[in-house]
Amino acid sequence: MKGSFKLGNISGIGLFIHWTFSLLILFIVYVNYKSGQNLTQILWSILFILCIFSTVLIHELGHALTAKKFGIKTKDITLLPIGGLARLERLPEKPSEELAVAFAGPFVNIVLAFITSLFITLPNTPEEMIGQLENGVNAYNFFLNFYLVNIVLAIFNLIPAFPMDGGRVLRALLSYKLERHYATKIAARIGQVLALGFIFLGFFSNPILIFIGLFVFMGAQIESEYTETKYMLKGYKVRDVLMKQYPTIDYNETLETAVKLMLDSQNKHFLVTKNDIPIGTLNREQIIEALSKKEEETELSSIIDKDLIMLQADSLLEDVFELVYKNKSTLMLVIENNQLIGTLDTENLLEFILIKEVKAKKAHAE
């Protein structure tokens, strides 16, 4: 994520904090100052916010380390003003695995709250609770506040608003009885209804709820469409969508030749060969970037992408969909018996999906 600064690594997972986090600290200082608090009280508030975000970090590590047990790596964890974001390489698809990974985060908060409760005396009545909390965070109520926040975080994250933790728990439970794409659709719709509730409440209480609501609403829509797309590809193989006709450029050609080929056709991806052997790929963005920095006589060898991505012709499309999506600007090679039989790019796959959608709608209408 752009604008993030690395804090370190834990178990091979990069830990980052986004620059906008500093805005939250400034906001806390401003609000406390305007309410008449002194420097000591403001420092206690800042310390409390830092502790809460340390808790958020541990919460995300709960997800990441649980996912690691199922062979799923986490690229990184980024702390944002509205919470944490753990980027898993892929999402667990088995209901039992998704249930464990989703619940791991809130479970961390429950454990932290339990440990904290061992060292504090909980108020006996709501009035006593309010009395201890009404003067803001200080040395006397610091751990009581920490205990309550962890309880709130656990409960809030377990709200079945997909793709929040509770929504993923809901999808996992539904997936025991329903197809994953259908379970996702139900969880996503429930999540979007709750997201509208967050947005509505945000206008009358905490504005952060508006941002959370928007995130939930859009996230639910994106993941629902993604899961539906993977389901549509079920049963198809890479050979069903490969391109047998694809443009090639010789390794010894120059940038000028690549520019002419791009202008003479609608092609955006090119296979670069040497003695008819594939050695790299070249796309429109790479050509434009090279043209802005280099001379037209520049040899292609200095600008091509030599990291070839090979797909086996008999691989299931649903299994390689994530790989294709992650490399959406790259031309991939389709191999059978160690021989090149075609290529595949994201646009071709999307066209295949579009045709499938049109046929499905037409069949449904009939």
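Which residue in β4 stands opposite Ile77? Ile77 faces Ala86 there. This is a predicted model, in which local features need pLDDT of at least 70 and side-chain atom pairs count only at pLDDT 80 or more, while totals for chains, interfaces and linings use all residues. Residues are numbered from 1 along each chain as its sequence is written, and side-chain values use heavy atoms, without hydrogens and water.

- Four strands make an open, mixed sheet in the order β1-β2-β3-β4; strands are DSSP runs of E with at least two residues, helices are runs of H or I with at least four, and both are numbered from the N terminus.
- β1 (4-10) and β4 (83-88) are the edge strands, each with a single partner, so one side of each has no neighbour in the sheet.
- Strand β3 (residues 74-80) pairs with β4 in the antiparallel sense over six bridges; pairing requires at least two DSSP bridges between two strands.
- Helix α2 (residues 39-69) lies across β1, β2 (13-18), β3 and β4, at about 160° to β3; the angle runs from 0 to 180 degrees between N-to-C directions of axes fitted to C-alpha atoms, for helices over the stretch in contact.

**Nonpolar cores**

- The largest nonpolar core has 22 residues, and Phe21, Ile49 and Ile77 have the most contacts inside it; such a core is a set of buried Ala, Val, Leu, Ile, Met, Phe, Trp, Tyr and Cys residues joined through side-chain atoms within 4.5 Å.
- α2 gives the most to this core, with nine residues.
- Beyond four places in sequence, the residues touched by Ile77 include Phe16, Leu57, Leu61 and Leu85, with contact meaning heavy atoms within 4.5 Å.
- A second, separate core of 18 residues includes Ile309, Val334, Leu349 and Ile353.

**Salt bridges**

- The structure holds 14 salt bridges, each a side-chain nitrogen of Lys or Arg within 4 Å of a carboxyl oxygen of Asp or Glu.
- Glu98 pairs with Arg171, with the closest N and O atoms 2.6 Å apart; Glu98 is in helix α3 (residues 95-117) and Arg171 in helix α6 (residues 165-175), 73 residues apart.
- Glu98 is buried at 3% relative accessible area, and Arg171 is buried at 0% (buried is under 20%, exposed over 50%, partly exposed in between, with a 1.4 Å probe and protein chains only).
- Glu98, Arg168, Arg171, Arg180 and Glu223 are linked in a salt-bridge network.
- Glu289 and Lys293 form a salt bridge at 3.1 Å, N to O; Glu289 is partly exposed at 45%, whereas Lys293 is exposed at 63%.
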